[in-house]
Amino acid sequence: AVVSTQSTGGIGAVKKQHAARAKLTQKGTEIAELQLQQVSEQMEVFKSQLEEFAMKYKSEIKKNPEFRAHFQVMCSKIGVDPLASSKGFWAQLLGVGDFYYELGVQIVEVCLATRPTNGGLITVEELCAKLGKSSGKTRKDVQSDDIGRAIAKLSVLGDGFKIVKAGKQQLVQSVPGELSMDHTTALDVASKYGGQLTIEELERMGWPELRIKSTLDNLLDQSMLWVDEVNSTYWVPALFK
């Protein structure tokens, strides 16, 4: 009988522990749901305030590239993408969706027009300078941030448009294919010398002859590099100074 009583008491204690844990779990779930609801409500308030802000400063967002960049940061922090569609609420409210899609078309036109001379590489700075000239006007309302966002929208065209870095320079690549680390390193070197690239500079980095020849030949094949056979130097036309 004593054993039975102890056994019963042990089972009762275990049941109490299970019940206590169940209550804690339920309470934790309730707290989590409440917090989620509060966060959702706060996000809705933020979005509402963002809409009011956008309506109030609509003109400034459209014409001032720095203001527009700050607005994009505000949007991203609360999960709003005003560029998600050219026909969505934000596009209708601000016209920014159409702005970036139209800018994307202009970027394609400029890149295609300059590809025969630069091999599909053009600095963001030069691209900004060229935008709009084909229609007889210069777009002063476009900055590098806008170029990046417009090119992101061009991803639907495949991997033909992307931004790559060469030293401190940003380049728009408008031809399909990935640039290897060796390619970008060679471009980095050229960017330091106004677009000029020599075999000696690559040798100073410890590159063997085969690695240098492979990198230069590949860039030459893509017309991203020109060779001055008289002086045994190479030039990246996109980085000419």
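The chain has a mean pLDDT of 75, and 65% of its residues reach 70 or more. Helix α9 has the highest confidence, at a mean of 92, whereas helix α4, residues 89–94, has the lowest, at 52. Where pLDDT is low, the predicted coordinates should not be read in detail.

I return to the charged pairs. The count of salt bridges comes to five, and I shall describe some of them. D145 and R149 both belong to helix α7, residues 144–153, where four residues, about one turn of the helix, separate them. D145 is partly exposed, because its relative accessible area is 29%. R149 is likewise placed in the partly exposed class, with a value of 22%.

In helix α9, which spans residues 199–204, E201 and R204 are three residues apart, about one turn of the helix. Their side chains meet in a salt bridge, at 2.6 Å from N to O. Is R204 buried or exposed? R204 counts as exposed, because its relative accessibility is 62% and the exposed class begins over 50%.

Helix α10, residues 209–221, holds both K213 and D217, four residues apart, again about one turn of the helix. The N to O distance in the salt bridge between these side chains is 2.7 Å. D217 has a relative accessible area of 30% and is therefore partly exposed.

I turn now to the interior. In soluble globular proteins, nonpolar side chains tend to be buried together. Here, the largest nonpolar core has 22 residues, and L171 and L197 have the most contacts inside it. The elements that give two or more residues to this core are β2 (162–166), α8 (181–192) and α10. Of these, α8 gives the most, with four residues. Apart from this core lies another, of 19 residues, which includes L103, V110, I151 and F161.

What does L171 touch, beyond residues up to four places away in sequence? Its partners include L121, I122 and T123, then K162, I163, V164 and A166, and also L187, A238 and L239.

C111 is buried, because its relative accessible area is 1%, and the buried class lies under 20%. Leaving aside neighbours within four places in sequence, C111 is in contact with I122, F161, V172 and S174. V172 is 61 residues from C111 along the chain, yet their C-alpha atoms are separated by 8.4 Å.

Finally, I come to a sheet. Three strands form an open, antiparallel sheet, in the order β4-β6-β5. Its edge strands are β4, residues 196–197, and β5, residues 226–228, each of which pairs on one side only. β5 and β6, the latter covering residues 233–235, pair in the antiparallel sense over three bridges. Which residue stands opposite W226? That residue is W235, in β6.

Technical notes:
Residues are numbered from 1 along each chain as its sequence is written. This is a predicted model: local features need pLDDT of at least 70, side-chain atom pairs count only at pLDDT 80 or more; totals for chains, interfaces and linings use all residues. Side-chain values use heavy atoms; hydrogens and water are left out. Two strands pair if DSSP finds at least two bridges between them. A salt bridge is a side-chain nitrogen of Lys or Arg within 4 Å of a carboxyl oxygen of Asp or Glu. Buried means under 20% relative accessible area, exposed over 50%, partly exposed in between (1.4 Å probe, protein chains only). pLDDT is the predictor's confidence in each residue, from 0 to 100. Contact means heavy atoms within 4.5 Å. A nonpolar core is a set of buried Ala, Val, Leu, Ile, Met, Phe, Trp, Tyr and Cys residues joined through side-chain atoms within 4.5 Å.
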